[in-house]
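These are my notebook entries from a first walk through a structure. Have it open beside you and follow along.

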Amino acid sequence: MSGAMAAADGVPGRRVCCAACLRPRSACICRWIAPVAPRAALLVLQHPLEAANAKNSARLLHLSVAGSVLAVGEAFGADELDALLHAGGRRPVLLYPETPGETAAAPDDEAAPERLRLVLLDATWRKSRKMLYLNPALQRLPRLALRDVAPSNYRIRKAHAPHQLSSLEAGALALGQLEGDPALAGPLLDAFAGFVEQQAGYVP
């Protein structure tokens, strides 16, 4: 058995899972990891319902982006969240669109990418709204909205509109936007295409 594989709890008969992507060995997605090292940091706050979803792309994004952090939860403790947001003295920017009736601070366009941390909520639209409500610190963050977004390639999950992206697509494009280098997203989007094809192959 590979050192990267471990039987769950050591119980005979349980599926052997990959220690990196946490999926069964037969469905491991590690071959799609596309290492990138942006200057901006990445923090993924993942709703618990997404953690075990086989179609979820956030873990592949996390495994691909050097130094990224993925934390699972819906309501985070104030001190825990503050530490995640401001680790290393970086300035957090929330990847989230402007919503009617809300006025969000704009990110500082003059801030160098190496001073910033992109915060991504990995959840359905409804659950992401709840995460914002339960974590007031997130509501106070300046927001980054994506520009010139092409239709999503996330054909393995339902979306309400063509421009609603997967977490990987959104994170890749946002990092490229923060860096001023759209090409940064290329390897991640190519990896996502392979991931989607793999997952589509499991559907009859």
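**Entry 1: terms and ground rules**

I began with burial: buried means under 20% relative accessible area, exposed means over 50%, and partly exposed is in between, with a 1.4 Å probe and protein chains only. I took helices (H or I, at least four residues) and strands (E, at least two) as DSSP runs, numbered from the N terminus. This is a predicted model, in which local features need pLDDT of at least 70 and side-chain atom pairs count only at pLDDT 80 or more, while totals for chains, interfaces and linings use all residues. Residues are numbered from 1 along each chain as its sequence is written, and side-chain values use heavy atoms, with hydrogens and water left out.

**Entry 2: strand β6**

I looked up β6, residues 116-122, and found that 7 of its 7 residues are buried, so the strand is largely enclosed by the rest of the structure. Which residues of β6 are buried on each side? On one side I listed L116, L118, L120 and D122, and on the other R117, V119 and L121. I noted a general rule beside this: in a regular strand the side chains alternate between the two faces of the sheet.

**Entry 3: the sheet around it**

Next I checked the pairing, where two strands pair if DSSP finds at least two bridges between them. Strand β3 (residues 41-46) runs parallel to β6, and 6 bridges link them. Along this pair I found L42 opposite L118 and Q46 opposite D122. Strand β5 (residues 91-95) is also parallel to β6, with 4 bridges, and V93 has L118 as its bridge partner.

What is the order of the strands in the open sheet? I wrote down β4-β3-β6-β5-β7, 5 strands with parallel pairing. At the edges are β4 (69-72) and β7 (143-144), each of which pairs on one side only.

I then looked at a helix on this sheet, α6 (residues 167-179), which touches β3, β5, β6 and β7 and makes an angle of about 165° with the direction of β6. Helix α4 (residues 125-134) lies across β3, β5, β6 and β7 too, at about 125° to β6. For these angles, axes are lines fitted to C-alpha atoms, for helices over the stretch in contact, and the angles run from 0 to 180 degrees between N-to-C directions.

**Entry 4: the nonpolar cores**

A nonpolar core is a set of buried Ala, Val, Leu, Ile, Met, Phe, Trp, Tyr and Cys residues joined through side-chain atoms within 4.5 Å. Which residues touch the most other members of the largest core? I found L61 and L118, among 32 residues. The elements giving two or more residues to this core are β3, α2 (58-64), β5, β6, α6 and α7 (185-200). Helix α6 gives the most, with 6 residues.

Leaving aside neighbours within four places in sequence, L61 is in contact with L42, V44, L120, S167, L168, G171, A172 and L188. A second, separate core has 15 residues, including A71, V119, M131 and L141.

**Entry 5: the cysteines**

How many disulfides does the structure hold? I found 0, with a disulfide being a pair of cysteine sulfur atoms within 2.5 Å. For C17, the nearest cysteine sulfur is that of C21, 8.3 Å away. C17 counts as partly exposed at 22% relative accessibility, whereas C18 is buried at 4%.

I stopped at E50 in helix α1 (residues 48-51), which counts as buried at 6% relative accessibility.

Is L22 buried or exposed? L22 is exposed, at 52% relative accessibility, and sits in the loop between β2 (16-18) and β3. I noted that its phi is near 65°, a positive value in a residue other than glycine.

Last, I visited L146, in the loop between β7 and α6, which is partly exposed at 26%. Its C-alpha atom is 7.4 Å from that of L173, 27 residues apart along the chain. Not counting residues up to four places away in sequence, L146 touches L95, L165, A170, L173, A174 and Q177.

Notes. Contact = heavy atoms within 4.5 Å.
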